[in-house]
2 protein chains.
Amino acid sequence: MRWQHLDQEPCSLARALAVIGDRWTLMVLRDCFLGVRRFDHFQERLGVTRHVLSDRLRKLVDQGVLEKAAYQERPRREEYRLTDMGRALHPVIVHLVQWGDRYLADKRGAPLLHEHRTCGHRLEARLTCDACGEPVAPRDVRVRQNPAFTDPLLPVPETGGDVSRPPSPPTRRPPRQESE
Amino acid sequence: MRWQHLDQEPCSLARALAVIGDRWTLMVLRDCFLGVRRFDHFQERLGVTRHVLSDRLRKLVDQGVLEKAAYQERPRREEYRLTDMGRALHPVIVHLVQWGDRYLADKRGAPLLHEHRTCGHRLEARLTCDACGEPVAPRDVRVRQNPAFTDPLLPVPETGGDVSRPPSPPTRRPPRQESE
DNA sequence: GGCATGGGTTCCATTTTGGAACCCACTGAC
DNA sequence: GTCAGTGGGTTCCAAAATGGAACCCATGCC
């Protein structure tokens, strides 16, 4: 499967990654949330080549994650700002940063400290269900396929660890037409 | 800046991306959360080349996100399972999927439907502060630098949109030694 | 022996990055 | 008017990563 076709996959993760899943894009967005808005400022902070930065910013604008806004005329100067679609990625970045803080920090701890302004405590992000307000663990989520999608999207259960099953159950799936 | 040095950056997002930020890793982890555990099963579902898959799985094991466990001896067969570190990425994936569902779906809607098992409703993920239980918006987060890090990590404010400022404030920062 | 299976590795062509230089419109200083 | 500076790029080429396909190897099944 080619990376370029990822945005047509019947999988929201694949489509999301087609937008923000390449090497530099999330770093760009992190800086957006920290208030960076200008090309050179991104370039200086990220150290990425201007070519790649230019490409990423353009794609993000094309896809609606960022928008260009003139902040002065004569000479025209534009800056990149998060759209609502871009701001909706905030939880992703917060959880990723927290994961890095927890598992990848050196002895000095987290480089940046996040405080929840409205309660004054250190921000400890949690995934909760908006319907019931309870925290959500991986096991608490049941995944079903939307019946509007007819190709099978979910894995065939493997009976993992069950050595008693016959040596070769129908693991092979029917031939598929370049889509999964 | 090279991608390979990202894991030494004083930024938890950069370090997290050094682990899970390349083209295929999050797709692999998505499948892990859906119960996929075997090499061929990943390969078949993702369509990625065996070479790349092998490389990604090995790196994930090296970094502690997955672990290999034998599910049978003679012949020895191993499977890949999420560790606690890997399971801690669940919120990241859930939010990414939800973002894709919201902004990138076609008319058929979300390919996979997620239900919160304990309350029975459609899972609507929310970022909340564990200290106060309230939802967290981007504006609600104040970011400070951990004083143990001496190099400046946060962007110099740009006074965006303020046309009244002098033409060239000290935007240039002092020369830095390959670290940001 | 011959074939299948899980779990890879090798080889080579195509794509993507990284590095560095170059470009262009505009401005303000001289 | 010229000249350097600035924001915001583009071009060119070499280095690295990816895609495709074939090959490998131990074991087990018949």
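What follows is a walk through a predicted model, beginning with the contact between chains and ending with pairs inside each chain.

**The interface as a whole**

Colour chain A and chain B separately, and then select the residues that take part in the contact: 109 residues come from chain B and 109 residues from chain A. The area buried between the two chains is about 10500 Å², and carbon and sulfur atoms contribute 61% of that area. If polar contacts are now displayed across the interface, 30 residue pairs are found, with both partners at pLDDT 80 or more. On the side of chain B that touches chain A, helix 6 of chain B supplies the largest share, with 12 residues.

**Charged pairs between the chains**

How many salt bridges are there between chain B and chain A? The count is 6, and two bridges between these chains can be visited in turn. Select A:Arg142 together with B:Glu115, whose side chains meet in a salt bridge with an N to O distance of 3.6 Å. Then move to B:Asp106 and A:Arg15, where the side chains form a salt bridge at 3.3 Å, N to O. This pair runs from the loop between helix 6 and strand 3 (112-116) of chain B, where B:Asp106 lies, to helix 1 (residues 12-20) of chain A, which holds A:Arg15. A:Arg15 has 6% relative accessibility and therefore counts as buried.

**Arginine over phenylalanine**

Next, select A:Arg108 and B:Phe149, and turn the view to look at the ring: the charged end of A:Arg108 sits over the ring of B:Phe149, 3.9 Å from its centre.

The structure holds 2 aromatic pairs over all chains. For one of them, select A:Trp99 and A:Tyr103, a tilted pair with 5.9 Å centre to centre and 50° between the planes. These two residues are separated by about one helical turn, because they stand 4 residues apart in helix 6 (residues 90-103) of chain A. A:Trp99 is buried at 2% relative accessibility, whereas A:Tyr103 is partly exposed, with a relative accessible area of 31%.

Turning to chain B, select B:Trp99 and B:Tyr103: their ring centres are 5.9 Å apart and their planes are at 50°, so this pair is tilted. Both residues lie in helix 6 (residues 90-103) of chain B, 4 residues apart. Here B:Trp99 is buried, with a relative accessible area of 2%, while B:Tyr103 counts as partly exposed at 30% relative accessibility.

**Salt bridges inside a chain**

Over all chains, the structure holds 34 salt bridges. In chain A, select A:Arg81 and A:Glu79, whose closest N and O atoms are 2.5 Å apart in a salt bridge.

In chain B, select B:Arg58 and B:Asp55, which form a salt bridge with the closest N and O atoms 2.8 Å apart. Both lie in helix 4 (residues 50-62) of chain B, 3 residues apart, or about one turn of the helix. B:Arg58 is partly exposed, with a relative accessible area of 44%, and B:Asp55 is buried, with 16%. For the last stop, select A:Asp22, A:Asp55, A:Arg56, A:Arg58 and A:Lys59, which are joined into one network by salt bridges that share partners.

Conventions:
Residues numbered from 1 in each chain as written. Chains lettered and ligands numbered in written order. Predicted model: local features only at pLDDT ≥ 70, side-chain atom pairs only at ≥ 80, totals over all residues. Heavy atoms only, no water. Phe/Tyr/Trp six-rings, centres within 6.5 Å; stacked < 30°, edge-to-face > 60°. Buried < 20%, exposed > 50% of the residue type's maximum accessible area, 1.4 Å probe, protein only. Lys NZ or Arg CZ within 6 Å of the ring centre and 35° of its normal. Contact = heavy atoms within 4.5 Å. Buried area = accessible area lost by both parts, 1.4 Å probe. Salt bridge = Lys/Arg side-chain N within 4 Å of Asp/Glu carboxyl O. Polar contact = N/O pair within 3.5 Å; in protein donor to acceptor, adjacent residues only side chain to side chain.
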